[in-house]
Each structure stands twice: as structure tokens, then as C-alpha cells.
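Please examine the structure shown below.

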Amino acid sequence: QLLGNQDHIKVELETLKKTYDAQQQKLEERVMAMGKELQEAKGAIGDTQRKLVEQSAVLLTSQSQLQEVEAENSRLQLRLKELNEEYRSRLAQYIKDVADYMDSKSSNTAGPSKAPADHAPMKRFVDSMLKDIRASYKSREEQLAGAARGYKKRLKNLVKKHENLLIAYGLQREQIRSLGSSNMDCGPAELHFSITDPELLTNTTRELNRLREEKAKLEMQLQELQKVVAGLLAFCRGETGGQQLDEEGWAQVRKQLREFARTTQEDLEQERSQLLTRAVVAEEQVSELQEYTEKHLAR
């Protein structure tokens, strides 16, 4: 029966071979198409990376140009203020010269027979006009100075409120960490929300940011240490085969770590309170000096 079915078997083998060849050809075509797509994707990624690098370079250049333009703008504003002061003094002097000239002409044309009862009326008029102008400028400058002082005070109050919120946030993170497990997410560190604007930073805030940065580093080291201790305890549990040693050892290590974090936080809080006291005294002295300067600067 096998010998009689050889022709049928040959036909089936040829059919299978043709099917295999067709599928192999389709697979090769698919692989080639995927290779082309991969090359195109690599090219697109390369183009995107080049564009990203170019945009980063343009951004850096724009930032440097913006800083230069801001510096040039501040310099031009200062120069404009100086020119305004100079032109104001020149204009006042020109008006005085014109008044003196007009008064001298009027006195010459009056003659010796006229009584000099009302001499130099133009000078008096110009003096009164300049006095009014100076008074208006002075009142406007006082208004602007008061507005600037009010803005600075509000800004200082906002910075103080922000610092108080950061302190409360840090205490809340510590409470969550002490009550919860070690794997609980307590949120980002205080350094993530600290003020980075150099115009708003004082010596106290810079020192606080430095302390927050050190605290964040200590927290990262503490987390790594907890992972290492957990691995060691797991290894000890595997070696001894007991569960009691693991629980007691982990409780002891957790207690030591909590004591270390508490003492470190107490030191940092003590140093921060000392710095805040010094900052408050320094700010009071600076405000007194500013008020004294503003009051006696015109004199």
C-alpha cells in the first residue's frame, strides 16, 4: 500500500515544498520591509535628536542673549535716569538765565526815573514755578518709593509664608514617615519646592536651601541603608530559618534609624531657628537703615 501511494506522497511533498517556499518568501519580504522601517525609524530618531540638539543650542543662546539684553536694558534705564536729571538741571538753569535776562532788559528800558519797587518779577515767577515743579517731582518720587517699599514688604511676607508652608510640609512628611511604613510615598522633598529666584533669596533662605539639600541627601542615604539592612535581615532569616530574629532585628534597626533621623532633624531645626533669629534681627536693622536713609537723603 505504501509503494502504491508513492505518487500521492510525492504530490503532497511538492505541495508542501511550494507552500514552504511561498511562506519563506513572504517572511523574507516581511523581514526586508521591517528592516527598511527600522532604518527609517533610526533616521527619524537621528533627525529628531539633531533637531533637539539644535533647539537646545538655540535655547542656550537665547537665554544668554536674554541675560545680555536685560543687563543692557538696566544700564540704559540708569543712563536715561542720569540724562533726565542732567536735562532737568539744564532746563532749570536756562529758565533762570532767561528770567534774569528779561528782568535786566525790563530794568534797562524803565529808565532811572522809574522807582525800582517791583524789580525782577520774572525771576520770582520762575522761582515759584520751579518750586512747584520740584514739589510735584518730590511728591511723585515719594509715592513711587512708598509703592516700592510696600511691594517689597508684600514680597517679604509672601516669602515668609512660603517658608512657613515648607516647614509645615516638612513636619507633615516626617509625621507620615513615622506613622506609616518605610515604603510609603511621603511626597517630594522640601528642596523641590524651595525658592530659586536669586532676587528673592536672602542669606537665610540660601542657608535653609543648603540645609534642605543636605537633608534630602541624608534621606536618600537613609533609604539606601534601609534597603541594605532589609537585605541583610532577609539573608539572616534565610540562614537561621527563624522569623523571630528577623522581626526583632528589623525593629531594632528601625528604632536606631528613627533615632538617627530625629537627632539629625533636631540639629537642623536648631540651626535653622538660630539662622532665622539672626535673619530677623538683620532685616530689622536693614529696614531701620533704609528708613533713615530715605528720610535724610533729601537733606
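**Salt bridges along a helix**

Arg50 and Asp47 join their side chains in a salt bridge, with N and O 1.9 Å apart; the term requires a side-chain nitrogen of Lys or Arg within 4 Å of a carboxyl oxygen of Asp or Glu. This is a predicted model, in which local features need pLDDT of at least 70 and side-chain atom pairs count only at pLDDT 80 or more, while totals for chains, interfaces and linings use all residues. Residues are numbered from 1 along each chain as its sequence is written, and side-chain values use heavy atoms, without hydrogens and water.

Side chains of opposite charge can pair when their charged atoms come close. Arg50 and Asp47 are three residues apart in helix α1 (residues 6-110), so about one helical turn separates them; a helix here is a DSSP run (H or I) of at least four residues, numbered from the N terminus. Arg50 is partly exposed, at 49% relative accessible area, where buried means under 20%, exposed over 50% and partly exposed in between (1.4 Å probe, protein chains only). Asp47 is partly exposed too, at 36%.

Glu72 and Arg75 also meet in a salt bridge, at 2.3 Å from N to O. They too lie three residues apart in helix α1. A further salt bridge links Arg88 with Glu85, with the closest N and O atoms 3.8 Å apart. The count for the structure is five salt bridges.

Arg88 also lies over the face of Tyr137, at 3.8 Å from the ring centre; this requires CZ of Arg, or NZ of Lys, within 6 Å of the ring centre and within 35 degrees of the ring normal.

Technical notes: Helix = DSSP H or I, 4+ residues; strand = E, 2+ residues; numbered from the N terminus.
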